[in-house]
Amino acid sequence: MPRLDNYNYMKNLTDWVSEKDIFNKDFIWPRQMEIHLPSNKEIACDFHCFYCQGSKLDMALGMDEKKALKLMEEIGPNTFEYYVYGGAYTEPLLNPYFMDFMRLTKKLKAHFGIHSNGSQLKKLQEENGFCTELVGLMESKYDYFSCSLDGGSPESHMKTKNIKYDAWTDIIEGLRILVKEREKQKSKGSIRVAYLLNKWNSSVEELTKFIDLMKEIKVDSLRFSIPYAQYGNEVKKVQNYKEKVENKEHKKFKDLLEPYMSKSKDEKPFVFYFAPENQDIDRMLDENYKQCAYTYYQTTMGSSGHIYRCSSIATPSFDYGILGKQPETVAELKEMIKVSQDKEFHCHTCIHSTARCNRMALEINSEWNVYNKANNHTAKQESTMAVGPKNKREEVKHVYSDIERRWNKKEYVEDNGSLNTGEDFRKPKSFQMYQANNEKK
Ligand code: SF4
Ligand code: SF4
């Protein structure tokens, strides 16, 4: 099956940094900076998808946008090639500073990528000509807007997004506006649509109608895939999801979509299906899945206002993945990135802390560890532990067991060994007591 170049992640990486330099240089600017805008700071997102990665995790919204914009100004041009705006659990178009980030990205001569649920497009166009300006800023096909639509009708969309109103019709209208603006302004930007398949949105009738609609609207690409198992789940549970959902549904969806798949790269929209092998937990558990080279591809500023090793662990729930608080200066940011480009960090530290690599990272880290098999033994899995009230998953944090390794050197009540002595993990009984104890420390 043909594959668009932008989706060949290892090639993207090695076009940016030579294999020889990975883990051999003191510091290299990653190809891209991901910025998870903290929505409007009141709600994380206007939808409530059952597969949302953040819904069972800490959805902190503490990022300071003005500080982030100032940092970007200071970073300047010729550093990151891309700024990608999305969110592990937030909708970026709900953020009032959104367009400031787009304008600044272009001022810095970088490309922008946007991952959105599309709900605000029409409304913002009516309010302030949002789509007109956005398309006007798109300079090449590398500037893209990707809409996670995940439904071919208002009914299936409502079920998928867990909402009680028709948002789908306005999203479709929003996509039409974007494409029309692109024609009007003769812009070269890309408009992509992603579609996660589930039991409500995958009948032959719905998919046929939907693909025809996307052809009529003239979006550039349409990607189908099966949702990830949520982060924050133990390995066994993810393997169970693989067996019960991914493996079972894959065959069905592959056969069902086969007639619609694009045969050549030039087809518009380019319709393709990303199989679950691209998110396979067992590939991440492979003995040779060791070093994480994805830190040369991206670094992430999470909605919480921290810098993280990668976008899929960008929530305070994965405390061990925090590199530091939102930096004030470029020197601080570079120091954090330097720490993350670490030949000793082992991917299994993440996998055994209920986190997982995303599709891009899985591809890059798999290929990298084959390429570097002779030298990747430097990676060492570190022990982490879950702290916080076990009955409230969103308050549990996965921290390094070794206090010295923690980014803030913070101590927790669990450090005094209550975990190892078989004492009830939930003691003290209320979270307030737990917090009070930590305060005392
Ligand atoms: S639209 Fe995206 S961010 Fe919002 S709930 Fe769904 S998956 Fe989460
Ligand atoms: S989840 Fe994967 S890509 Fe992210 S830091 Fe861990 S090993 Fe690297």
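This is a predicted model: local features need pLDDT of at least 70, side-chain atom pairs count only at pLDDT 80 or more; totals for chains, interfaces and linings use all residues.
Me: Which residues of helix 5 and helix 7 make the contact?
Reply: Helix 5 brings C131, T132 and V135. Helix 7 brings I177, L178, E181 and R182. Contact is C-beta atoms, placed from the backbone, within 7 Å.

Me: What classes are in that contact of helix 5 with helix 7?
Reply: It has 4 nonpolar, 1 polar and 2 charged residues. Ala, Val, Leu, Ile, Met, Phe, Trp, Tyr, Cys and Pro count as nonpolar, Asp, Glu, Lys and Arg as charged, the others, Gly among them, as polar.

Me: And helix 3 with helix 5, at what angle do the axes cross?
Reply: Roughly 15 degrees, with the axes within 10 Å. So helix 3 runs roughly parallel to helix 5. Helix 3 covers residues 98-107 and helix 5 covers 130-137.

Me: Which side chains are in that one?
Reply: M99, M102, R103 and K106 come from helix 3. E133, L134 and L137 answer from helix 5. That contact holds 4 nonpolar, no polar and 3 charged residues.

Me: Switching topic. What is around ligand 1?
Reply: C45, F47, H48, C49, C52, G87, Y89, T90, E91, N117 and S148. A residue is near if its C-beta atom, placed from the backbone, lies within 6 Å. The shell has 5 nonpolar, 5 polar and 1 charged residues. Residues are numbered from 1 along each chain as its sequence is written, with chains lettered from A and ligands numbered from 1 in the order written.

Me: Which residues come nearest to ligand 2?
Reply: C292, C310, C350, C357 and A361, out of 13 around ligand 2.

Me: Where is the cis peptide bond?
Reply: Between K268 and P269, with omega about -10 degrees. P269 sits in the loop between helix 9 (235-257) and strand 7 (270-274).

Me: What is phi of K186?
Reply: Near 50 degrees, a positive value in a residue other than glycine. K186 is in the loop from helix 7 (168-184) to strand 5 (190-196).

Me: How many helices and strands in the protein chain?
Reply: 14 helices and 12 strands. These are DSSP runs numbered from the N terminus: helices are H or I, at least four residues, and strands E, at least two.

Me: What box do the C-alpha atoms fill?
Reply: Roughly 65 × 50 × 45 Å along the principal axes.

Methods:
Axes are lines fitted to C-alpha atoms, for helices over the stretch in contact, and angles run from 0 to 180 degrees between N-to-C directions. Angles under 35 degrees count as roughly parallel, over 145 as roughly antiparallel, 65 to 115 as roughly perpendicular and the rest as oblique. Two residues are in contact if their C-beta atoms, placed from the backbone, lie within 7 Å.
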